[in-house]
Amino acid sequence: IPNDLKKIAAIKKSHPGNLAVKNFDESYFNSLKSDEDRLALLQIVRSGVDNADSGMGCYAMQPEDYDRFKPFFSKVLSQYHKVPEDAKHTTNWELKGVKGLPEDGKLDLAKLGLPPLSMRVRVGRNLADFPLPGAMNRDDRVAMEAKMCKAFDKLKAMSDYGGRYHSLTPGHPDFINEDEYKALVKSHIMFKDMAADTYLASAGIASDWPYGRGCYVSGDKKFIVWVGEEDHL
């Protein structure tokens, strides 16, 4: 712990944009009730401590960490999203008042004078049954993949989806070889080798690579689900 605290103090000066280190308050750290809590907070900021040039530099290990270490996370999230610490998210799809829309308010590319476009919508999700990726062990990762494969089996049986699952887990029924994996990466369908990412490695997110990793791809390749990257899905 003393070595980590010295390193954090140095990074505060050398890399003030590292949000995890910037908002690591040693007095708050010392006020935590147990060594378990202190070690847990250090694990959360491990990526930022090991990689001084990090922008965010921290990863929750368990969903409850956001409440457990709220004095820390509230500051980091506020600064990252550039909102007040007490901000509440409000979903609002109202387009009234948006400049440049056609009079009927419809987002028609032709009416907007735009050529045909390709758009990718990405969302991240985590399953309540498992720790967050940084705290998972190999068994957790393999079990999470197996659970998702049951859902993918249902998608494969549906005419609107079809497709297949590509697993990187040795011995998995849907295992793909290195050449197949590289082809999917080149096509921007599969994520890259996480073990080569020092930020994810420090956070524990890249641990046990390639176990529990893979992706489901629909028949028309318009719907892709990554399994076991920075988020569960």
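This is a predicted model: local features need pLDDT of at least 70, side-chain atom pairs count only at pLDDT 80 or more; totals for chains, interfaces and linings use all residues.
Pockets come first. The largest pocket holds about 560 Å³ of space. Its lining is made up of 19 residues, and V121, R122, V123, I224 and V225 are the ones that lie nearest the centre. Sorted by class, that lining comes out as nine nonpolar, two polar and eight charged residues. The second largest pocket has a volume of about 430 Å³. Here 16 residues do the lining, with M56, C58, Y59, A60 and Y66 closest to the centre. Helix α7, which covers residues 70-81, gives the largest share of this lining, namely four residues.

Rolling a probe the size of a water molecule over the atoms shows where empty space is left. In this model, the count is one cavity of 30 Å³ or more. The volume of the largest cavity is about 50 Å³. Around the largest cavity sit P133, M136, R141, M144, Y211, G212, R213, G228, E229, D231 and H232. In terms of class, four of these lining residues are nonpolar, three are polar and four are charged.

The charged end of R138 sits over the ring of Y211, at 3.8 Å from the ring centre.

Now for the aromatic rings in general. A pair of aromatic rings is described by the distance of the centres and the angle of the planes. Searching the whole structure turns up 10 aromatic pairs. Take F24 and F29: their ring centres are 5.3 Å apart and their planes meet at 40°, so this pair counts as tilted. Both partners are tucked away from the surface by the accessibility values. F24 is buried at a relative accessible area of 3%, and F29 is buried at 1%. Another pair, F191 with W226, is edge-to-face, with 5.2 Å from centre to centre and 65° between the planes. This pair links distant parts of the chain, as its two members are 35 residues apart. F191 belongs to the loop between α9 (178-186) and α10 (198-203), while W226 is in strand β3, residues 224-227. F191 has a relative accessible area of 3%, so F191 is buried. Aromatic residues also gather in a group: F152, Y161, Y165, Y216 and F223 make up one aromatic cluster.

Last, the cysteines. A disulfide is a covalent bond between the sulfur atoms of two cysteines. How many disulfides does the model have? The count comes to zero. C149, for one, is in no disulfide, and the nearest cysteine sulfur, which belongs to C215, is 11 Å away. A disulfide would need the two sulfur atoms within 2.5 Å. C149 is buried, with a relative accessibility of 12%. C58, one of the residues closest to the centre of the second largest pocket, has a relative accessible area of 8%. Buried means under 20%, so C58 counts as buried too.

Note on methods:
Residues are numbered from 1 along each chain as its sequence is written. Side-chain values use heavy atoms; hydrogens and water are left out. On a 1 Å grid over the protein atoms alone, a cavity is a set of points where a 1.4 Å probe fits but cannot get out, and a pocket is an open set with protein on both sides within 12 Å along at least five of seven lines; lining residues have an atom within 4 Å of a point. Grid points are joined across faces, edges and corners, and a volume is the space filled by probe spheres set on the points. Ala, Val, Leu, Ile, Met, Phe, Trp, Tyr, Cys and Pro count as nonpolar, Asp, Glu, Lys and Arg as charged, and the others, Gly among them, as polar. Rings of Phe, Tyr and Trp (its six-membered ring) pair if their centres lie within 6.5 Å; planes under 30 degrees apart count as stacked, over 60 as edge-to-face and the rest as tilted. Buried means under 20% relative accessible area, exposed over 50%, partly exposed in between (1.4 Å probe, protein chains only). A charge sits over a ring if NZ of Lys or CZ of Arg is within 6 Å of the ring centre and within 35 degrees of the ring normal.
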